[in-house]
Amino acid sequence: MNLKSLEPRLQTVLEWIPLGNHADIGADHAYLLGNLLDQNRILKGIAIEKNREPFELACKNLEKFGDRAEARLGDGLAPLQVGEVNSISICGMGAALMAKILTAHPEKVPEHVVVQPNDSAEPVRRWALQTGFHVKQETITVGFWHYPVLHFQRQAGPDPAYTDLPLDVALRFGPWPLKNQNPLLYTHLLEQEKRLRNLAHLPNPRLQEDIQKVQRALECFNVN
Ligand SMILES: C[S@@+](CC[C@H](N)C(=O)[O-])C[C@H]1O[C@@H](n2cnc3c(N)ncnc32)[C@H](O)[C@@H]1O
């Protein structure tokens, strides 16, 4: 396993995982866990894989960490015990699947959840809002595409990240990228606006809604 070359999306996930016991769901080759363990960023790591081939790869790659690491074959959070880990990560899959995995075993979701969806993070932002998790950090990383990375933490009360933002717009595009005036989000919004305007002649009510949402997101940027 090459421990030096995590992609920026996984490097960001790695940096946001707190010290403790951690499980990576859909670990595949277990590069993320391997790096977390190698850099002593976590005490113990559990790789969970639904498919046998990546599960066996994870077993092989984690061997060198002895009893600090373990791979388990299973679906989502099913192979975890309640309270066994302080944090989980789910990376490199669609946000709707992530929300499904998190919803299937609410009692097993620990205090910290770090996710890197491959598409719009809206389904996981909605999951967090409905289940009492705040968006502590969120950014956009560069790679083959632009990938969002989000860190949720269980906390009481309304999530202050959404204060002073239109909720539907922030759920779609992310409260922190909007508040932090993220330049990658700004460029994405300009491109979306242009693309959607070119389709505006089509009789699709969803299109008008999308154009308006993009325009309201652009209004959150203080650009002169
Ligand atoms: C595209 S790979 C991403 C691997 C790695 N997390 C990354 O970001 O590079 C997705 C992995 O998740 C696994 N997977 C998909 N659904 C899963 C589930 N419900 N439970 C556990 N693993 C799952 C797949 O077998 C696959 O190895």
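Into which domains is the protein chain divided? The chain has a domain 1, covering 8-158, and a domain 2, covering 183-219, with bounds that come from an automatic or database domain assignment, and the centres of the two, taken over C-alpha atoms, are separated by 31 Å. The model is a predicted one, in which local features need pLDDT of at least 70 and side-chain atom pairs count only at pLDDT 80 or more, while totals for chains, interfaces and linings use all residues. Residues are numbered from 1 along each chain as its sequence is written, and side-chain values use heavy atoms, with hydrogens and water left out.

Helix α4 (residues 95-104) packs against helix α5 (residues 122-131) at an angle of about 25 degrees, and their axes are 7 Å apart, where axes are lines fitted to C-alpha atoms, for helices over the stretch in contact, and angles run from 0 to 180 degrees between N-to-C directions. The two helices are therefore roughly parallel to each other, a term that applies to angles under 35 degrees. In their contact (heavy atoms within 4.5 Å), Ala 95, Ala 96, Met 98, Ala 99, Leu 102 and Thr 103 of α4 meet Pro 123, Val 124 and Trp 127 of α5.

Within α5, the residues Glu 122, Val 124, Arg 125, Trp 127 and Ala 128 are buried, that is, under 20% relative accessible area with a 1.4 Å probe, protein chains only, whereas exposed means over 50% and partly exposed lies in between. Their cover includes α4, β5 (112-117), β6 (133-142) and β7 (146-154), as well as α6 (167-173) and α7 (175-179).

Two loop residues complete the tour. Ala 30, in the loop between β1 (21-25) and α2, is not a glycine but has a positive phi of about 65 degrees, and at 0% relative accessibility it counts as buried. Asp 164, in the loop between β7 and α6, is likewise not a glycine and has a positive phi of about 70 degrees, but Asp 164 is exposed, with a relative accessible area of 75%.

Methods: Helix = DSSP H or I, 4+ residues; strand = E, 2+ residues; numbered from the N terminus. Parallel < 35°, antiparallel > 145°, perpendicular 65-115°, else oblique.
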